[in-house]
Amino acid sequence: MKPETLNKKLIMSFKDKLLTSYIALEDYLEFDSPIHDVRNKAIKIFEEKGFPTKKEEAWKYTSLNKLLKQDYSIISNKENNVEWKKVRPYFLHEIDTYKIVFIDGVYSSFLSETTHDDVDVCLMSAALTKSKFKPVIETYFNKIAKKDGITSLNTAFTKDGAYINIPAHKEVQKPIEIINFSTGSEAAMFLQPRNLIVVGENAHVQIIERHQSLSENKVLTNSVTEIFAEKRAYVDYYKIQNDTDTSSLIDNTYISQEHQSICHVHTFAFGGDLVRNNLNFYQKGERCDSTLKGVTILEGNQHVDHNTLVHHTAPNCESHQDYKGIFAESSTGVFNGKILVDKIAQKIDAFQQNNNILIDDKATINAKPQLEIFADDVKCSHGCTIGQFDEDALFYLRSRGIGVKESQALLMYAFANTVLESVKIPELKMRINKLIANKIGVSLGFEL
C-alpha cells in the first residue's frame, strides 16, 4: 500500500471515529438544549468538509497529516487530580486572579476560582444547561465562528470551556486565567475546549489563556473562542503557548467589535510540536481599535502558523498587527496575515508588519501578507522582512566584551521589544521575559 493511501485511511479512520463518537455523545446531551440544532448542523459540516489539507490555500504550509494518524481518546468524563506543586508554575501566582481550570477537558473545582458577583466567570457546561444563561447563549453562541470543518467539529462536541459575561459598565477587578491541562492519563488525547466571552457596553476585562501538557504523551487540542466586544468595551487578551514537543494546538479565535470598542490580542508562541493560530477580527462599528501582536521563538522541528484576518466593515477604524519570529535549528514559521477593507469602510488606518530572524540555515519562514481593499480613502500598509542577525550590531557588542551568545540574546530581546512593551499586566510581562530568557538559554539580568 502506498504511503499516501495509508495516510488517507488513517485520517479517514479518525474522522469516522469522531462521527461515531458524536452519535454516542448525543445520548448524554439534552435535546431541549439551546444549541442542539447547532450541534447537528455542525457535525454535518464536519462530515462534509473534514479536516483541512494543504490543498487549501490557507493551509498551504501546514499539514495536519502526522497529527491525525494518532489513535486519540476523544471523550473524557473523569476528573484526574493533579498535585498543586506540579501545576503551580503555570499560574500567574504573583497576583490574584480568577481561574477557570480544566484537567483533560474536565473542570477542576479544586484549582479554579470563579464568580457570579456582578460578572459571570464560570463554565460553558453550566451556561448550556441553566435557563438563566439561555438568552446569552442563543444570542451569541456560534454566531461569528466560521463554518469550516475544524471549527464545526468543535461546535458539534461543545461540552465545556470558559463562559465569561461582563455586563455593561462593569470592570473585572482582576485578570481571568483560562488554563487547560492534559495529564497524559491516555496514550493520546484529543481535547476541544469551547470559550464564549461577552463584554458588555463600556465594560473592561483582561484574560490569559494557556494550554499545558504535564506529560510526554500525545495531545491535540482543537480550541474555539468567540469574543464579543460591545460599544466602548475593552478586551485585553493574552495567549501563552509554551507546551511540550508532544503537544499540538489548533487555536481558533473569533472577535466581533462594536462601536468604539478596543481589543488587544498578544500571542506568545514558544513551544509545542505544531501550533496553528487562526485569529479573526470583525469590526462592525465605527472607531474600533484592533491590535494583534505576537512573538514566536522556535527550535528543533517545531512548527507555528499564524493566520490572521482583520475585516473592516465600518469607517473610521484602526488595526495594528506586529508579529516577530525567531527560528532556530529546523523549525518552521508561517505568517499569513490578511486585511480586508469593505467599500463602506472609508478612513481606515490599517498597519501590518511581520519581521523574522533565521538563526540556522535549516530554519524556514513562509510569509504571505495580504491587503484586499475596496474603499478608496484609506491608509493601509504592510511589510515583511526575513534575515539574520545584524553583523554590525553583533560586532559592536562583541567589541565591548559581551560574549557571542549574550550578544545574540540582547539583539533578540531588542527585536521582540515592540511586542512586549504593550503587555499591560506587569507580572505577566515579567513572566514572559523569563520564558524568553529560558528559550534562548541565557540569563541577562534585566527586563525589557
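Residue G149 lies in helix α7, which covers residues 149-156; helices here are DSSP runs of H or I with at least four residues, strands are runs of E with at least two, and both are numbered from the N terminus. The structure is a predicted model, in which local features need a pLDDT of at least 70 and side-chain atom pairs count only at pLDDT 80 or more, while totals for chains, interfaces and linings use all residues. Residues are numbered from 1 along each chain as its sequence is written, and side-chain values use heavy atoms, with hydrogens and water left out.

G149 is buried, with a relative accessible area of 5%; the word buried stands for under 20% relative accessible area, exposed for over 50% and partly exposed for what lies in between, using a 1.4 Å probe and protein chains only. Leaving aside residues up to four places away in sequence, G149 touches F46, K49 and G50, where a contact means heavy atoms within 4.5 Å. P52 is 97 residues from G149 in sequence, yet the two C-alpha atoms are 7.1 Å apart in space. Eight of the eight residues of α7 are buried, so the helix is largely enclosed by the rest of the structure. Among these buried residues are I150, L153 and N154.

## The chain as a whole

The chain contains ten helices and 20 strands. Its radius of gyration is 22 Å, close to the 22 Å that the globule rule gives for 448 residues, so the chain is as compact as a globular protein of that length; this radius is taken over C-alpha atoms, and the rule is 2.2 Å times the number of residues to the power 0.38. Along its principal axes, the C-alpha trace spans about 70 × 55 × 45 Å. Of the 448 residues, 58% count as buried. Among contacts between residues at least 6 apart in sequence, 84% join residues at least 24 apart.

## The open sheet

Ten strands form an open sheet with mixed pairing, in the order β2-β1-β5-β8-β10-β12-β14-β16-β18-β20. Strands β2 and β20 stand at the edges, each with a single partner strand, so one side of each is left without a neighbour in the sheet. Two strands are said to pair if DSSP finds at least two bridges between them, and the table gives several pairings from the structure.

| Strands | Sense | Bridges |
|---|---|---|
| β1 (residues 98-103) and β5 (residues 176-182) | parallel | six bridges |
| β1 and β2 (residues 106-107) | antiparallel | two bridges |
| β10 (residues 234-242) and β12 (residues 262-271) | parallel | nine bridges |
| β3 (residues 120-123) and β4 | antiparallel | four bridges |
| β4 and β7 (residues 194-199) | parallel | four bridges |

Strand β1 can be followed in more detail. Six of the six residues of β1 are buried, so this strand is largely enclosed by the rest of the structure. Y98, I100 and F102 point one way from β1, whereas K99, V101 and I103 point the other way. The bridge partner of I103 in β5 is F181, while F102 stands opposite Y107 in β2. Together, β1 and β2 form a hairpin with two residues between them, and D104 in the turn has a positive phi of about 55°. Further along the sheet, the bridge partner of Q241 in β12 is A269.

Strand β8, residues 204-213, holds I208, which is buried with a relative accessible area of 6%. I208 touches several residues beyond four places away in sequence, including L92, I176, Y238 and L428. The C-alpha atoms of I208 and G403, which are 195 residues apart along the chain, are separated by 35 Å.

Five of the five residues of β4, residues 162-166, are buried, so β4 is largely enclosed by the rest of the structure. Both of its faces are covered, with A162, I164 and I166 on one side and Y163 and N165 on the other. N165 of β4 has D120 standing opposite, and Y163 stands opposite L196 in β7.

F374, by contrast, is placed in the loop between β19 (364-373) and β20 (379-387). Not counting residues up to four places away in sequence, F374 touches L340, V341, D342 and K343. The C-alpha atoms of F374 and Q346, which are 28 residues apart along the chain, are separated by 9.2 Å.
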